[in-house]
Amino acid sequence: MDALRALVDTVQYNCDVADARHARDMTLCTYLLEMRELYRWEQKLPLTATPPKDALGRWLTERETRWGDLENSEYRSLPLGDSRLEPFEARAVNDRLLSRGLVYGAGYGRFHQPQFFLGRLERRETRDGVEVLVAGREHARGISAPPAASQGGAILVRQDALRRWIWEKVELWGMKRAGGPLAMALEGYGFVSDPEGALERMTGEETETLILHELGEVLADGILGPEWTEMLAGFRSRRAEVLARAVRDNLADCLSTLPVLLERDARPSLHFYFALREGLRRELFPSLTAAYRTWCDCGEAAALAAAADAGREHWLRSARRLLGMTRHDPGGEQWVEALLAAEPSPLAL
C-alpha cells in the first residue's frame with residue numbers, strides 16, 4: 001500500500017505540474033467546466049451532486065495558487081520497486097503495472113499538452129493486433145481527461161472519464177430537452193425511465209465506439225506513415241493542427257467507426273456519434289450529416305454506408321494533400337491554415 005501511495009502521489013504531482021503549465025490555455029468556459037468536474041472527482045462526489053458553490057470557489061483559488069507554485073517545476077520519475085522510470089515511458093511503466101491490476105497513461109494531447117493518469121485496469125485485450133487497455137476508477141488525473149487515446153502502441157480507454165463526459169452531455173441536454181441526435185441516443189439507452197442504469201449501459205457501449213475510433217486512427221496512421229505524426233508534432237499553429245486532426249478523425253471514422261456501427265445496426269451509438277460531431281469534423285463533412293438525416297427519416301442505412309465509402313478515399317487524399325503542403329516546406333503550415341479561410345473549403349465533402 002505504501003508503494004501504491006507513493007506511485008499515486010507522484011503521478012498526481014506530474015498531473016498538477018502539467019495543469020500548472022497548460023490548464024489556463026483553455027477558453028474560460030471550458031476551463032470552468034473542467035475545474036468543476038475535477039473538483040467533483042477529487043472530492044468523490046456523485047455525478048448527480050452539485051458542487052457547493054463556496055467550497056468549490058475556495059478549492060479553485062487554492063488549486064490555482066498551487067499551480068502558481070508548480071509552474072516551473074520538473075516532472076518526477078515514477079517509483080516502481082527498486083527502480084524509477086521516466087514519466088513518459090508509458091509502455092515500460094505498464095509492463096510493471098498491468099499484472100498488478102493498474103494501468104498508466106502518459107502522452108501528449110492537442111497542442112502538445114502533456115497528460116497523465118493512473119487507474120485500475122478493468123480489462124486487457126487484443127483487437128486487430130492492437131493491445132487495448134480499459135481503465136476503470138482513476139487514482140490520479142489532471143484537469144483534462146480524454147476518454148480514449150493511442151499511446152505507446154496501445155489503445156487506452158478511460159471509462160471513468162467517459163462516464164463523466166457522457167453525464168456532462170446529459171446535464172447540458174437536460175437544461176433544454178431539445179430534440180436531435182442526442183435526444184434519440186438517450187431515448188435508445190432508456191435514460192428517461194432509468195438514468196443510472198442507462199448511464200452504465202451507455203458507458204459500456206460507447207467504450208466500444210471509442211475503441212473503434214482509435215482502431216481507425218491506428219489504421220490511418222499506418223497508411224499515412226510516420227510523416228503524419230511528425231507533421232502534427234511539428235505544428236506551431238493551433239489552427240493548422242485542428243484542421244489536420246479533423247481530417248484524420250474523419251478518415252478514422254470512415255475506416256472503422258461508421259462501417260462497424262452500421263454493420264451491427266448499433267442505432268443508439270450512431271445517434272450518439274452524430275450528437276458529438278461538432279466543429280471542423282462536421283463542417284468539413286456535410287454529406288455525412290445529410291446521409292444521417294436520410295437514415296433518420298427513412299431508416300435506410302445505404303446513404304450512410306455510401307457516405308463512409310466516399311469518405312475513405314476523400315479523407316485519405318485530403319490527409320496526403322496536407323502532408324504534401326508541409327513536406328520539406330517550413331512555411332507549409334501557413335498553406336494549411338489558408339485552407340481554413342477558403343470558402344467553400346476545398347477539403348469539404
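How many bridges join β5 to β7? In this predicted model, in which residues are numbered from 1 along each chain as its sequence is written, local features need pLDDT of at least 70 and side-chain atom pairs count only at pLDDT 80 or more, whereas totals for chains, interfaces and linings use all residues. Side-chain values use heavy atoms, with hydrogens and water left out.

The two strands β5 and β7 run parallel and are joined by 5 bridges, where helices (H or I, at least four residues) and strands (E, at least two) are DSSP runs numbered from the N terminus, and two strands are taken to pair if DSSP finds at least two bridges between them. Within this pairing, Val132 has Ile155 of β7 as its bridge partner. Both strands belong to an open sheet of 5 strands with mixed pairing, in the order β3-β4-β5-β7-β6. Because β3 (102-108) and β6 (148-151) stand at the edges with a single partner strand each, one side of each is left without a neighbour in the sheet. From one strand to the next, the twist averages 40°, with axes being lines fitted to C-alpha atoms, for helices over the stretch in contact, and angles running from 0 to 180 degrees between N-to-C directions.

Strands β4 (residues 114-127) and β5 (residues 130-141) pair in the antiparallel sense over 9 bridges, and Leu121 has its bridge partner in β5, namely Ala135. Antiparallel pairing also relates β6 to β7, through 4 bridges, with Ala154 of β7 as the bridge partner of Gln151. The hairpin of β6 and β7 has 2 residues between the strands, and in this hairpin Gly152 takes a positive phi near 55°.

Helix α5 (residues 159-176) lies across β4, β5 and β7 (154-158), running at about 70° to β5.

In helix α6 (residues 181-189), the residues Leu182, Ala183, Ala185, Leu186 and Tyr189 are buried. These residues cover an arc of only 160° around the axis, which puts them on the same side of α6, the arc being that of the directions from the helix axis to the C-beta atoms. The buried residues of α6 pack against α5, α7 (195-224) and α10 (267-276), contact meaning heavy atoms within 4.5 Å. Just after α6, Gly190 takes a positive phi of about 80°.

Notes. Buried means under 20% relative accessible area, exposed over 50%, partly exposed in between (1.4 Å probe, protein chains only).
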